[in-house]
Amino acid sequence: MSGNICLTFDFDAISLWLQKDMTSMSSISRGEFGAEAVPRFLHTLKKRNLKSTWFIPGHTMETYPKICLDIHDDGHEIGLHGYDHENFNLLDEQEELDILDRSFHVASALIGKSPKGFRSPSWDVSSRTIKNIESLGLIYDSSQMGKDYSPYYSRSQDQFPKQKPPIFGDQTTIIEIPVSWSLDDYPYLEFSKGASGFIPGLKKPEYMYDNWLDDASYMSRDFKNGNMVITLHPQVSGRGHRLLAFERWLDTLIERGFTFTTMEEIALRFSQGEKFGSYEPE
Ligand SMILES: [Zn+2]
């Protein structure tokens, strides 16, 4: 079997609960648990010599700088994820620019170099976001769902008038490395109720990992050089039974010959002309 997996971790920590306006000490402590769980993932990845990508809000970087540096020092990539886990589609133009600029500078100061990638919190880029991250010098985004097994160049400035076909904007230099809610641990596993809605979560983790294994198997069978992005949250998947299931899933993929690389590496290879995920069914 063949294909590549990008393991990505959204280390939202407390910012997630601030954004949901759930600021009791109990809600905030759910975010604190994310910081507690990070070393478990770093250990699991180091044992298998796997590199991954971590999208971290500026708020988390300033709250837990040592843990974020541990992630960086282990050779994992760090990408931008807003400051306070803001929904970019609900910001005005200046707010969006200010938050991008602030999070870029917090990240650059922490890791000593410019980050290359962005993931919009809650996966809601605005029609401006892609142009804005292009201006910041980033090379990729990971917030859209237009494909599954291959990167593609993102448009910007799309318009969606009512009762008319869309007016698609121009293609940019930003490489979209697509995601999916079906490849995210949060809706499967996290029990959540509050102003932002109800998610039952709490599924047996094997249910999720079996789905992800089938997605990888289908990619391997019918797509040449496919790439698949997995999204995990330390505060969600860092519990004992979920970690054991994660390890089993990882080991199965390794046994079957899948490779694991950072998002930055995929973006660079794509920009150099490598073809990913061409549909070639048996
Ligand atoms: Zn997030």
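Predicted model: local features only at pLDDT ≥ 70, side-chain atom pairs only at ≥ 80, totals over all residues.

Colleague: Is F270 buried or exposed?

Modeller: A residue is buried when its relative accessible area is under 20%. F270 has a relative accessible area of 16%. F270 is therefore buried.

Colleague: How far apart in space are F270 and I177?

Modeller: In sequence, F270 and I177 are 93 residues apart. The distance in space is taken from C-alpha to C-alpha. It comes to 9.9 Å.

Colleague: Which atoms coordinate the zinc ion?

Modeller: The donors lie at 2.1 to 2.6 Å from the zinc ion. In sequence, the donor residues are spaced D-x68-H-x3-H. The atoms are D12 (OD), D12 (OD), H81 (NE2) and H85 (NE2).

Colleague: What is the geometry of the zinc site?

Modeller: Four donors count as tetrahedral if all angles lie between 85 and 135 degrees. Among the 4 donor atoms of the zinc ion, the angles run from 54 to 139 degrees. The site is irregular.

Colleague: Are H81 and H85 buried or exposed?

Modeller: The cut-off for buried is under 20% relative accessible area. H81 has 1%, and H85 has 5%. H81 is therefore buried, and H85 also counts as buried.

Colleague: Which residues lie nearest the centre of the largest pocket?

Modeller: The largest pocket has a volume of about 420 Å³, and 22 residues line it. The elements that give two or more residues to this lining are α1 (15–19), α7 (185–189) and β9 (197–199). By class, the lining has 7 nonpolar, 10 polar and 5 charged residues. Nearest the centre are L16, K20, H85, S122 and W181.

Colleague: Which strand gives the most to the lining of the second largest pocket?

Modeller: The second largest pocket has a volume of about 240 Å³. Of its 14 lining residues, the closest to its centre are V125, S126, S127, Q144 and D158. By class, the lining has 5 nonpolar, 7 polar and 2 charged residues. The strand that gives the most, with 4 residues, is β6 (residues 152–155).

Colleague: What span does helix α8 reach from its first C-alpha to its last?

Modeller: Helix α8 covers residues 205–222 and has 18 residues. At 1.5 Å a residue, a span of 26 Å is expected. The span in the model is close to that, at 26 Å.

Colleague: How far apart in space are W212 and I230?

Modeller: W212 is found in helix α8. W212 and I230 are 18 residues apart in sequence. From C-alpha to C-alpha, they are 8.3 Å apart.

Colleague: How far apart in space are F55 and L80?

Modeller: F55 is found in strand β2 (residues 53–56), and at 0% relative accessibility F55 counts as buried. F55 and L80 are 25 residues apart in sequence. Their C-alpha to C-alpha distance is 5.5 Å.

Colleague: Does A13 count as buried or exposed?

Modeller: A13 lies in the loop between β1 (4–10) and α1. Its phi is positive, about 50 degrees, although A13 is not a glycine. With a relative accessibility of 1%, A13 counts as buried.

Colleague: Does D21 count as buried or exposed?

Modeller: D21 has a positive phi near 60 degrees and is a residue other than glycine. D21 sits in the loop between α1 and α2 (25–47). The cut-off for exposed is over 50%. D21 has a relative accessibility of 65%, so D21 counts as exposed.

Definitions and conventions. Residues numbered from 1 in each chain as written. Heavy atoms only, no water. Expected span 1.5 Å × (residues − 1). 1 Å grid on protein atoms, 1.4 Å probe; cavity = no way out; pocket = protein on both sides within 12 Å on 5 of 7 lines; lining within 4 Å. Points joined across faces, edges and corners; volume = space filled by probe spheres on them. Nonpolar A, V, L, I, M, F, W, Y, C, P; charged D, E, K, R; others polar. Donors = N, O, S within 2.8 Å, 3.2 Å for Na, K, Ca; no water. Tetrahedral: all angles 85-135°; square planar, octahedral: opposite > 155°, others 65-115°. Buried < 20%, exposed > 50% of the residue type's maximum accessible area, 1.4 Å probe, protein only.
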